[in-house]
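Subject: Handover of a structure

Dear colleague,

Please find below the structure that I am handing over to you. My findings follow directly after it.

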Amino acid sequence: MWWKRWWNGFLDLLFPTPPRCFFCQRPLSSGAGQTCLECLQRISHSEGSLCRRCGRPLLGEEYCSQCVGYSWAFSQARSVGPYSGDLRLAVHRLKFHNDRSSALLLARLMFQSIESSWWPDVDGLVPVPLHAERLRQRGYNQAELLAYELSLLCHRPLLRLLEKPFPTPAQSGLNQQQRRRNMRGAFRVIPGSEEQLVGKCLLLVDDVLTTGSTLDACARALRQAGCADVRAVTVAITNRELIPREGAE
Ligand SMILES: [Zn+2]
Ligand SMILES: [Zn+2]
């Protein structure tokens with residue numbers, strides 16, 4: 001009822017509710033971010049144990065098994081944390097419920113996850129596009145929501161440079177090699193936008209890095225059109241043990 005909403009708004013003005021942690025809902029001390037420190041530590045990668053290329057959590061080695069022996073078209077990828085628990089739920093809220101508060105929070109976490117030394121080089125943010133049919137079904141592109149919020153935080157332009165002209169079969173159940181084949185040529189630079197990317201360093205934005213084949217295909221299209229460097233940021237990254245290796249069924 002309209003008066004109830006009005007009355008609640010009035011009460012909020014008189015007695016503002018303290019901000020709460022997005023994940024555990026405990027009250028936050030004023031001036032804090034949208035998450036408490038414990039939740040932030042729980043969802044984030046632990047320090048000093050990430051693949052230097054794709055940012056996957058590792059035990060000791062420099063590069064993960066997905067990055068050894070394969071030349072990605074992106075130079076580096078970073079993510080907030082592993083695709084599990086609360087971070088996974090937050091991605092689902094964004095992906096399937098068009099939850100803009102999730103987009104804002106996740107973009108802030110992405111912003112914090114990127115080494116500050118990246119920003120002076122980055123010329124713009126490029127969301128991974130959806131195929132038109134998928135976009136029509138969902139009503140929005142979650143990667144674009146993230147890229148939009150991130151662009152406000154880092155003061156870099158949001159550049160819609162890519163399109164996905166054909167639908168691709170679902171990636172789940174496919175191994176790494178099949179996923180790469182599936183995604184080969186799946187993205188292209190929107191005709192006429194080449195001028196915006198020649199010689200530039202661009203940051204691809206997506207929700208989850210699984211095998212990296214989607215980001216790889218996007219980065220390849222940008223590089224082929226003359227982009228100097230492509231990096232990538234996602235909310236989460238899956239555990240490499242969950243992805244079948246080449247030759248696996
Ligand atoms: Zn919390
Ligand atoms: Zn890696």
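Ala170 counts as exposed because it has 8 C-beta neighbours inside 10 Å; a residue is exposed if 12 or fewer other C-beta atoms lie within 10 Å of its own, buried if there are 20 or more, and partly exposed in between, with C-beta atoms placed from the backbone. Ala170 belongs to the loop between strand E3 (162–163) and helix H7 (176–183). Its C-alpha atom is separated by 8.9 Å from that of Asn182, and the two residues are 12 apart along the chain.

Please note that this is a predicted model, in which local features need pLDDT of at least 70 and side-chain atom pairs count only at pLDDT 80 or more, while totals for chains, interfaces and linings use all residues. Residues are numbered from 1 along each chain as its sequence is written, and chains are lettered from A and ligands numbered from 1 in the order in which they are written.

The protein as a whole

Along the sequence they follow the pattern α-α-β-α-α-β-α-α-β-α-β-β-α-β. A compact globule of 249 residues would have a radius of gyration near 18 Å, and the 19 Å of the protein agrees with this. That radius is taken over C-alpha atoms, and the globule rule is 2.2 Å times the number of residues to the power 0.38. The C-alpha trace spans about 60 × 45 × 40 Å along its principal axes. Of the 249 residues, 34% count as buried.

The sheet

Four strands form an open sheet in the order E1-E6-E5-E2, with parallel pairing; two strands pair if DSSP finds at least two bridges between them. Strand E1 (76–82) and E2 stand at the edges with a single partner strand each, so one side of each has no neighbour in the sheet. From one strand to the next, the twist averages 25°.

Strand E5 (residues 201–209) is mostly covered, with 7 of its 9 residues buried. E5 pairs with strand E2 (residues 124–127) over 4 bridges in the parallel sense, and Leu202 in E5 is the bridge partner of Gly124. E5 also pairs with strand E6 (residues 229–237), over 8 bridges and again in the parallel sense; here the bridge partner of Cys201 is Asp229. Between E5 and E6 the chain passes through helix H8 (residues 213–224) in a right-handed β-α-β crossover, meaning that the path from the first strand over the helix to the second runs clockwise when the strands point away from the viewer.

The helices

Helix H3 (residues 85–97) lies across E1, E5 and E6 and runs at about 105° to E6. Helix H4 (residues 100–113) lies across E1 and E6, at about 125° to E1. Axes are lines fitted to C-alpha atoms, for helices over the stretch in contact, and angles run from 0 to 180 degrees between N-to-C directions; contact requires C-beta atoms, placed from the backbone, within 7 Å.

Helix H1 (residues 2–14) has 13 residues, of which the number buried is 0, so H1 lies largely in the open.

Yours sincerely

Methods: Helix = DSSP H or I, 4+ residues; strand = E, 2+ residues; numbered from the N terminus. Contact = placed C-beta atoms within 7 Å.
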